[in-house]
Every structure is written in C-alpha cells, then in structure tokens.
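This briefing goes through one protein model, from a single residue's surroundings to the chain as a whole. The points are grouped by topic.

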Amino acid sequence: MRYPLLPDVPAFKANLHCHTTCSDGRLTPEEIRDIYMKEGYSIVAYTDHDVLIPHPELYIEGKFLPLNGYEMEINKEADAWATTKTCHMCLIATRPGLTRMVCYHRSRYLFGNAVNLRDRLDFDPDEPDYERSYTPACISDMMRRGREAGYFVTYNHPQWSLEDYADYTAYRNMHALELMNYGCIVEGYPDDNGLVYQQMLAAGIRLGCVASDDNHNSRQPGDPGWDSFGTFTVIHAPALTVTDVGNALLEGHYYASSGPYIRQLYLEDGTVYVQCDPAQEVRFMTSARANAACRAAGGEDVTSCSFRVPDGIDWFRIQVMDRTGAHADTCAYFPDELPAEALAKKA
C-alpha cells in the first residue's frame, strides 16, 4: 500500500507569523501582501500582537489568501526586560469567519498601534478578563483555549524567549513548534530549533513544525537585517481557501523550510520515499539510535532516496539539506498513526 505523507495536491508557500502597522510592524497589511506575492508566497497569516484584525479585502482568488490570526505573549515578572523569560504563541484561524479572540483582557497586554484598535476586536462580552501568568498551567490553558476555538496554535522562538528544556517540555496543546524563526535568526538568536524539536518529541509531545519570518520590516530590503523571505512553511492543500488550508494545517500536511522543497514524500512497504530539490544530504531521523542519511557523492546532488522504517520507533522525520546549509524539515510522523498496510515490509 502506498500512503502519501505529503498529499499529491498543490503546495502553497506561506508565512505564518507576520506583523504589520496594526501592531509594531512598519508595513501595512496591503504592502505585506504585495511584497510577499512577488516572492512567490500565496499565504500570509496576519498575527499582530494581541489584536485579531481580519483583512478580507486582501484576498485574491487563487493567488493570495490572508489568514486571520494574532500573537499572544506571557511574560515572567523580572527586574529587567533583557533577562525576562517570555512565551509567545500564534493563533491562526482554520475556518472562515473565525475572528473571536480567546484569552482576551479589556485593559492589559496591548501595545504600539494595537492600542488604537480595541473597538475593532471580537471577544465574548460575557467572559471575564483573562489574567495571564507565566506558568506551564496558564500557558497550556491558553493553548488549549485557542485550539478548542478552532485556531492552529504555534509555539514561537524559544531561544529569543530565553526559554529552556524545563519550560517548553512542560507546555501542552500546541499544534506546532516554530522550528525556524527568521526574524530572530537575523537578530543573532539561534532560533533554528531542530534540537528543541527533538527534545519535545523525546518528551512525548506530539507536534508538527513550521518556519516563519516573524517580520517587522524595520529595515530596508537588501539590508542584512531585513527580516522577510528567510524561512517559510509549505502547505499541501487541495485549494487556496481557508477551509482547505486550515484542514491541511490541522492534519499535518505541511513542512518547514529555509530554501529547498520536498517534491514528493510517501510510505510504501515499510519504506519512506523522498523526492526533493538538489541536496547535499537527506537525513532520516528517529526516536531511537536508528538514523540514516543519503549523502551526495562527489559533485553530484541527491534528488531522490529511500529509507526503511525500523521497528520499535516512536516517530521519524525527514530533513533535506542543500549545499548552502538551507534545509527543509518535515513534521514528525508516528507509526501508530500510520496505516499498518503501508508500514508492512515485503518478505
């Protein structure tokens, strides 16, 4: 049995973490749409700080999809911001018309231009103000509330946030880790979070991985600190609609990348088959000491390879690394969630 790990449907380039003049970004939502479309993006999730402002006027059928969303932060009390731990999460709508914010507070948490947008926000008037506290219980509850309301919840930039193993392995209810955050990377933070992903998986947390810009666009294009177009998420969906893209995110039909594309990925007879852009190496990573790699020989590139799925592993994932060091990373796949017929090995 052949089982597609990435469905054979259109692949859309997406930025799932973006700031505009609605909070602390320098470009308007329309300017963001225009520059990202020029770079081949079809999807931008507008995730301004603590304000969900819909942008339906930016939709272009078949070409550009603006997703509703917002980012929330929970700060630990400390004497100096430079040493304050914080947790950030994005909530991205997975169904049309979803604008109601969860964990809303009527008088706290807004800053920058967001302060002037209170009257445009949709929240439950019967709900009391949600008081945030920097504890695993509160953070996990916020993620749960977002998830149950119909949002795709990402856990963002743990390195910039000064969070460590004890912090992020205590959180629950997110859908995905921000495996790469380009805005933090260009500022000098090591938010290429492959190790964090491995640690969270090893701790028994089942989640996917995305890559995004977290762009604020405070510098000019061409400047080394320009924070757009560095990393992206590729979403495999039947059509460029909120419903199809939202379902693809919830079902794990996406991967993170800073450059290369994975053209085909499927499981058959207990073997994972990969087709990809020219790469120096393709890695097969697992929960056990059972990894494997296909490396380029001489001046040649790897564009296809396969790996047998070992028995007894909890998960596996694929990484494609090109000669510049850019890489594409799939979500982890869990054998107990895959069809037994596709995992069965030929005699």
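Leaving aside residues up to four places away in sequence, Ser212 touches Asn15, Leu16, His17, Glu178, Met180, Asn181, Tyr182 and Thr231. The model is a predicted one. Ser212 belongs to strand S8, which covers residues 208–212. With a relative accessibility of 1%, Ser212 counts as buried, because the cut-off for buried is under 20% relative accessible area.

**Overall fold**

- The protein chain contains seven helices and 17 strands.
- Its radius of gyration is 20 Å, close to the 20 Å given by the globule rule for 347 residues, so the protein chain is as compact as a globular protein of that length.
- The C-alpha trace of the protein chain spans about 65 × 40 × 35 Å along its principal axes.
- Taking contacts in the protein chain between residues at least 6 apart in sequence, 66% join residues at least 24 apart.

**Surface and charge**

- Of the 347 residues in the protein chain, 56% count as buried.
- The protein chain has an accessible surface of about 14,900 Å², and 48% of this belongs to carbon and sulfur atoms.
- There are 30 positive and 49 negative charges in the protein chain, and their mean positions are 3 Å apart.

**Cysteines**

- A disulfide is a covalent bond between the sulfur atoms of two cysteines.
- With a cut-off of 2.5 Å between cysteine sulfur atoms, the count of disulfides comes to zero.
- Cys331 is in no disulfide, and the nearest cysteine sulfur, in Cys209, is 4.7 Å away.
- Cys331 counts as buried, at 4% relative accessibility.
- For Cys103, the closest cysteine sulfur is that of Cys138, at 7.3 Å, which is too far for a bond.
- Cys103 also counts as buried, its relative accessibility being 5%.

**Backbone at two non-glycine residues**

- Most residues other than glycine have a negative phi.
- Asp50, which is not a glycine, has a positive phi near 60°.
- Asp50 sits in the loop between strand S3 (43–46) and strand S4 (65–75), and is buried, with a relative accessible area of 3%.
- His157 is not a glycine either, yet has a positive phi of about 25°.
- The loop between strand S6 (151–156) and helix H3 (165–168) holds His157, which is buried at a relative accessible area of 2%.

How values were computed:
Residues are numbered from 1 along each chain as its sequence is written. This is a predicted model: local features need pLDDT of at least 70, side-chain atom pairs count only at pLDDT 80 or more; totals for chains, interfaces and linings use all residues. Side-chain values use heavy atoms; hydrogens and water are left out. Helices (H or I, at least four residues) and strands (E, at least two) are DSSP runs, numbered from the N terminus. The radius of gyration is taken over C-alpha atoms; the globule rule is 2.2 Å times the number of residues to the power 0.38. Buried means under 20% relative accessible area, exposed over 50%, partly exposed in between (1.4 Å probe, protein chains only). Contact means heavy atoms within 4.5 Å. Accessible areas come from the Shrake-Rupley method with a 1.4 Å probe; for residues, only the protein chains shown count as cover. Lys and Arg count as positive and Asp and Glu as negative; His and the chain ends are not counted. The place of a charge is taken as NZ of Lys, CZ of Arg, CG of Asp or CD of Glu.
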